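I opened my notebook and looked up a few things in this model. These are my entries.

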Amino acid sequence: MKMWLKIGIALLALALSACAPEETPVLETVGEGACQQQEKPVAAKIEVMIPEEAVSEAMADGSGGELYTWDDHTLQLQTLEGGDIRRTVESVTGFDYDSLTVMASRKGDLTYYQTVWSTAGEEGTMLGRALIADDGYYHYCVSLLSPEDSDSADVYDRLCATFSVTSGGASK
């Protein structure tokens, strides 16, 4: 009987050892300093052909952007923190992102976003156009506001054709 009891206990121990939880796998560890964040690059400079008749204005909001006016046109150049394109589009246009049609394209290291909008004001209906380039760190914004009956499509096309982001940013 003792022998059967010993065999029974051994079989029970063997059966229960098969039900033991799996051993936790050994995970690779990372040494000190291996997960440091990359340093954010200095913002690049927006370069675009400014019409000769444009007059530089001071930006009242202190954003560090550039503002140019001529005839009834207003051109604004500004560099904003990257990351949230919805926030940037809303900041540049003054409209909720979901109420606009925003077209995205990619060229080189930059993602480009373009949109149009219109507003009614004292001087009539104004048409806005914006080009935003995203390098992963910053949003480089060009926006043009002009009367809807002006020939601003040609002006905007020239702005887009001469637009570039150079020196100091993540892309060149």
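**Overall build**

I began with contacts, meaning heavy atoms within 4.5 Å. Residues 24 or more positions apart account for 50% of the protein's contacts with a separation of 6 or more. The model is predicted: local features need pLDDT of at least 70, side-chain atom pairs count only at pLDDT 80 or more, and totals for chains, interfaces and linings use all residues. Residues are numbered from 1 along each chain as its sequence is written, and side-chain values use heavy atoms, with hydrogens and water left out.

I then listed the helices (DSSP runs of H or I, at least four residues) and strands (E, at least two), numbered from the N terminus. There are 3 helices and 9 strands. Along the sequence I read α-β-β-β-β-α-β-β-β-β-α-β.

**Helix α2**

Which residues of helix α2 are buried? Buried means under 20% relative accessible area, exposed over 50%, partly exposed in between (1.4 Å probe, protein chains only). In α2 (residues 85-93) I found I85, T88, V89, V92 and T93. They lie on the same side of α2, because they cover an arc of only 110 degrees around the axis. That arc is taken from the directions from the helix axis to the C-beta atoms. An α-helix has 3.6 residues a turn, so residues three or four places apart point the same way.

I checked the cover next. It includes β4 (73-81), β6 (110-121), β7 (124-134) and β8 (138-147).

Then I looked at the ends. At the start of α2, a side-chain oxygen of D84 comes to within 3.2 Å of the backbone nitrogen of R86. Just after α2, G94 has a positive phi of about 80 degrees.

Conventions. A polar contact is a pair of N or O atoms within 3.5 Å; within protein, one must be able to donate a hydrogen and the other to accept it, and residues adjacent in sequence count only if both atoms are side-chain atoms.
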